[in-house]
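I set out to record what I looked up in this structure.

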Amino acid sequence: MSEQVKTVGAAAVPRRGRTREKVVWTPARTREALVGYLFLLPNLLGLLIFLAVPLLSSLYTSFTDANIFPTNTKIIGVTNYINAVNDSTFQQAVSNTGAFLIGFLPLSIIPALALAVLLHSQIRGKTVFRVAFFLPVVASVVGVSLLWRWLFQYDFGPVNQLLGLFGIAKIHWLESSDWAMISVIVVASWQAIGYNMVLFLAGLQGIPRQLYEAAVVDGATEWQQFRRVTLPLLTPATFFVFITSLIKGLQVFSEPATMFNGGSPANSALTVVWELYLEGFRYFKLGYASAMAWLLFLVIFVVTLIQFRLSERWVNYE
Amino acid sequence: MNRNSRMSALGLFTSTMLLLAACDSNTANTPAAGTGSGATNPTAAGSTGGAKIAIRWRTRPGDAAEQAVYQALSDEAQKNLPDIDLKYDPSPNQGYEDKLNTEFASGTAPDVVWVPGASSASYASRNLLYDIKPLVDKDTSFKLGDFYDGPVNEVMHDGHLWGIPRDVSTLAIYYNADLFKAKNLPTPTDLMKQGKWDWDNFRSTAKALTGGDTYGLGLADWWGPWSYFVYAAGGSLFNKDKTATGLDTPESVAGLQYLSDLINVDKSIPLPTAANVDAEALFNAGKIGMMINGRWFTPGVRQNAKFKWDVEEMPKGKANATWLFWGPYVMNAKTANPDAAWRVIKAITSASAMGKVADMGSNIPARKDQAAVDAFLKSSPPANNQAFISGTKYATSEIPLWTADFNEYMNKQVQPMVDKVISGKMTAADMGKQIKAATDPLFKK
């Protein structure tokens with residue numbers, strides 16, 4: 001297993017346990033290295049200036065009472081973290097985000113897999129379908145959310161009209177605190193499916209055809225082929241889709257914030273990132289918002305770490 | 001060797017160019033973040049002699065028509081201020097204050113900017129605004145007494161003057177006269193004339209109008225409309241000194257319960273939505289009999305309503321009540337030339353400027369002098385413009401809160417709880433019991 005994993009990036013990664021070749025720094029070599037670094041410089045500088053500096057400064061800010069404007073900022077230790085954990089609004093945002101994940105992960109991954117399998121087979125006009133399903137990904141989140149706000153409109157929104165055809169009573173998609181988060185899940189999943197589908201498609205194309213031929217020779221049914229060949233060999237793609245969806249889900253912000261511009265009913269669609277945005281840019285508590293952001297980072301980090309550990313059990317690299 | 005040095009030259013060149021490009025786009029972007037060129041960027045008047053003073057000002061136009069009016073206003077003012085390079089820099093409703101805050105934080109906010117009345121304190125208390133009191137005092141051609149007292153008293157704090165009110169609006173009842181006729185009901189104006197425009201008749205009228213896909217009453221989902229019910233019941237958003245919430249009093253609770261009953265018992269009101277255009281769209285589509293809204297709603301109704309409509313004062317509960325919303329032009333504390341910025345404020349708050357804006361229909365001038373009021377009254381429909389003016393006599397002025405952050409108080413704690421009351425998930429009495437504990441930590445001790 002571990003041997004297999006290594007082969008993935010074998011060319012770039014020096015093998016462990018082997019002493020590195022001793023490098024002799026001839027002038028030519030030095031120059032070559034210098035050139036290399038010069039080419040890297042723009043990227044490295046960008047990384048430093050736009051990533052490392054803000055990251056570290058937000059960590060520092062989270063231990064202060066900073067507001068958005070330059071005033072006498074005091075260091076207040078971990079007060080922000082303690083307050084955040086005890087803040088009932090933040091707690092609600094955390095549980096809302098959890099509820100979002102429960103709906104979002106299956107709804108954005110399973111249909112994406114199904115679509116990918118369908119569009120991988122030889123059907124007419126599959127390029128058209130691929131484009132159609134990928135289009136929501138290209139559309140701006142804000143535009144999409146505004147559009148859905150109208151689709152979900154109570155009195156004459158198409159969604160309720162459609163449900164009416166089947167005799168289902170109108171639903172307060174946006175006005176009811178029971179439905180608000182479900183609406184967000186629908187919109188976010190709808191938009192994420194296309195992206196996940198493309199990832200699955202790429203994964204499917206990487207599965208060698210002869211495995212299916214061998215399976216057919218052995219008398220495997222379509223379902224057995226899917227279950228025994230496709231699914232196991234797709235696990236690297238599934239793993240990647242799962243991790244990125246999880247992280248995206250934990251950071252969900254634009255959809256609810258746009259759909260509920262003035263605030264969701266009884267904060268029922270308030271997510272962690274939305275709440276920290278409000279704290280930072282509406283109530284000016286930049287230090288407090290930074291603390292929330294770092295708490296979120298911590299959660300994402302731990303969850304991802306756990307996933308990587310668990311992945312060793314179910315992800316098969318060919 | 002030759003190849004190598006050429007390579008390193010290329011590498012150096014690439015990185016330098018990229019860096020330059022990055023820096024360049026940075027400097028170009030900072031002022032442009034506020035659309036249009038910035039105050040830091042005096043335009044090319046230099047060649048003709050003395051450089052002009054660049055002043056950038058901003059409002060929050062609701063649509064293209066309103067933006068055009070303000071642009072025309074800016075062009076007009078520009079003619080009378082030849083030494084100033086005036087730039088109108090509008091910003092949309094969505095995220096208006098978020099953007100402004102960011103610009104204040106980065107030092108790129110406009111010199112003169114309109115802000116909602118309730119927010120003015122939050123800017124002033126963060127030392128972001130220029131105290132224009134000395135400028136007003138020494139300017140003999142400007143009379144603060146020409147403006148409505150309520151907003152002026154609010155924008156004046158501890159002897160500082162943080163802005164000049166631009167516009168006011170009371171809340172009023174917009175009503176669909178055709179729907180009243182079809183149901184053979186007396187309109188709010190009829191009831192007003194008979195002295196019967198009170199909460200009993202309000203509720204029964206709303207109920208009588210409701211049926212099928214038509215609702216009796218509509219209100220948008222923000223604190224203005226629902227808190228009318230609080231004040232009309234004798235309650236208040238804050239206690240007397242504004243050091244704590246006032247929503248825990250029996251009066252406030254009674255007001256909110258009355259609203260909750262209109263929604264959940266009578267079903268006379270569609271559930272307010274965060275997409276708060278909905279109730280307005282429904283009214284314009286003729287599906288709502290009465291709508292609580294401010295003057296800003298008028299242009300939209302004029303444009304969209306295909307029925308007869310008018311406005312009336314808010315009904316009387318225990319007391320007469322309505323809000324007096326207002327917003328001042330404030331001056332950026334960091335403006336390079338306060339005198340020039342003041343002359344701009346004066347130009348855009350002059351009686352003639354305000355008359356032009358009033359004509360468009362979305363604003364009531366913040367001036368109470370007759371010329372301004374007259375300009376407003378003749379901007380119809382609605383026929384009964386007087387209802388907006390009459391309301392100013394007993395209205396509560398939108399409150400800049402100095403003892404807490406208004407947005408945090410309202411959006412983080414109050415609104416979510418009121419949402420529950422409005423949707424019938426919590427009684428007003430239960431809210432009254434919980435709200436003080438939830439909001440107390442927000443007030444400065």
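I worked on a predicted model, in which local features need pLDDT of at least 70, side-chain atom pairs count only at pLDDT 80 or more, and totals for chains, interfaces and linings use all residues. Residues are numbered from 1 along each chain as its sequence is written, while chains are lettered from A and ligands numbered from 1 in the order in which they are written.

**Chain B.** I found 19 helices and 13 strands in chain B; these are DSSP runs (helices H or I, at least four residues; strands E, at least two), numbered from the N terminus. Of its 445 residues, 49% are buried (20 or more other C-beta atoms within 10 Å of the residue's own, with C-beta atoms placed from the backbone).

**Helix pair.** I looked up H11 (residues 250-264) and H19 (residues 428-439) of chain B, which pack at an angle of about 140 degrees with axes 8 Å apart. Axes are lines fitted to C-alpha atoms, for helices over the stretch in contact, and angles run from 0 to 180 degrees between N-to-C directions.

**Chain contact.** I noted 33 residues from chain A and 40 residues from chain B in the contact (C-beta atoms, placed from the backbone, within 7 Å). On the side of chain A that touches chain B, H2(A) gives the most, with nine residues.

Methods:
Contact = placed C-beta atoms within 7 Å. Buried ≥ 20, exposed ≤ 12 C-beta atoms within 10 Å, placed from the backbone.
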